[in-house]
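The entries follow in the order in which I made them.

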Amino acid sequence: MGTVILGIESSCDDTSAAVLRDRVLLSNVIAGQDVHIKYGGVVPELASRAHQQNIVPVVDTALKQAGVQASEIDAVAFTRGPGLLGSLLVGASFAKGFSAGLGIPLIEVNHLQAHILVHFILESGGEDHAPAFPFLCLLVSGGHSQLVLVKDHHKMEIIGRTIDDAAGEAFDKCAKLMDLPYPGGPHVDRLAASGDPLRFKFSKPRLEGFDYSFSGLKTSFLYFLRDQLKEDPGFIEMNRSDLAASLQYTIVDILMNKLKRAAKKTGVREIALAGGVSANSGLRSAISEEAEKQGWKLHLPAFRFTTDNAAMIGISAYYRYLKGEFASDEIAPLARMHF
Ligand code: KG4
Ligand code: ZN
């Protein structure tokens, strides 16, 4: 019959629940939180309150859509971290209660590892696109930008990370300077499609090794806009698409540069992309082009698995379940969590 796992994700501003039977996804329900839009960013207190309101209906819907009774679930998994503490607490408390109530094991999952493991999810009737180990994953989200050498489902080594802002943050903060709504990444992507990527030049970091930095780019974008607005108050409005295209081009170039070097240095030719920013069309085309040139075997996640979702928590938990790695009911969430 297989192992049925209920996964819960609540690390930021999406409440999500998913049901998997072994690697096969049966349902994946996500409730977003519009309450943050007018603040231009996620407000932690509002996020935890919305999670509290959403979690029961979201889990209920996930079970119904999967056609699974609570009594059929073999284990319940939750995101332990990293993330917003108040948000994480809602998912962790729910999972603990569910585990105690049904007398089933509790499994903790690292949110970042989970983004990477989306490549192992199977959809009924779909093909198996699982990467072979070891593979190199460019993990780019709103909170993290990392190059990860994935040795197996549990052993992952971060070989490069951002020393300041994440790639998603660079998209969002620069988008805010252009008066675009939060989160700005998808808006920049959309505008960039009709803009000139080489029209404006912004600063790129000169860092040794595989680490990233995006704060210099954000500052150069800010100063550039400030100078142009002094001359012409309508500058942003008149040049929105070119600004978006040039910004996206620069972020993608920074990301690709280190990825290419890491692939060369490690000799790994199996390459994967994960995290919210992996939905970006500029990044997807750049990595696909490079894969063709270098003969990489490339793994791009399906769009619905790029941003936060509980399917990724469920698949990560499945591999822990197989190893019998269960959490105690005293486990606490962690705002910062490494692997
Ligand atoms: O992984 P995620 O859902 O949440 C975190 O764990 O951080 O990533 C959210 C980030 C946001 O910064 C958002 O702007 C960015 O992913 N994002 C994009 C696109 N879609 C989402 N950035 C650029 N282009 C996109 N199409
Ligand atoms: Zn995430």
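I began with helix H8, which spans residues 281-294 and has 14 residues. From the first C-alpha of H8 to its last I found 20 Å, close to the 20 Å expected at 1.5 Å a residue. I kept in mind that this is a predicted model.

I then asked which residues of H8 are buried. I listed Leu283, Arg284, Ile287, Glu290 and Ala291. These residues lie on the same side of H8, because they cover an arc of only 135° around the axis.

Next I turned to the face of H8 directed away from the buried side, where I noted the exposed residues Glu289, Glu292 and Lys293.

I looked up what covers the buried residues of H8 and found, among others, strand S7 (135-140), helix H7 (235-266), strand S10 (270-274) and strand S11 (297-299).

I checked both ends of the helix. At the start of H8, the backbone nitrogen of Gly282 has a side-chain oxygen of Asn280 within 3.0 Å. After H8 comes Gly295, with a positive phi near 70°.

For Arg304, the charged end sits over the ring of Phe305, at 5.1 Å from its centre.

Lastly, I recorded 13 aromatic pairs in the structure. Ring pairs join Phe120, Phe133, Phe135, Tyr318 and Tyr319 into a cluster.

Key: Residues are numbered from 1 along each chain as its sequence is written. Chains are lettered from A and ligands numbered from 1 in the order in which they are written. This is a predicted model: local features need pLDDT of at least 70, side-chain atom pairs count only at pLDDT 80 or more; totals for chains, interfaces and linings use all residues. Side-chain values use heavy atoms; hydrogens and water are left out. Rings of Phe, Tyr and Trp (its six-membered ring) pair if their centres lie within 6.5 Å; planes under 30 degrees apart count as stacked, over 60 as edge-to-face and the rest as tilted. A charge sits over a ring if NZ of Lys or CZ of Arg is within 6 Å of the ring centre and within 35 degrees of the ring normal. Helices (H or I, at least four residues) and strands (E, at least two) are DSSP runs, numbered from the N terminus. The expected span of a helix is 1.5 Å times one less than its number of residues. Buried means under 20% relative accessible area, exposed over 50%, partly exposed in between (1.4 Å probe, protein chains only). The arc is that of the directions from the helix axis to the C-beta atoms. Contact means heavy atoms within 4.5 Å. A polar contact is a pair of N or O atoms within 3.5 Å; within protein, one must be able to donate a hydrogen and the other to accept it, and residues adjacent in sequence count only if both atoms are side-chain atoms.
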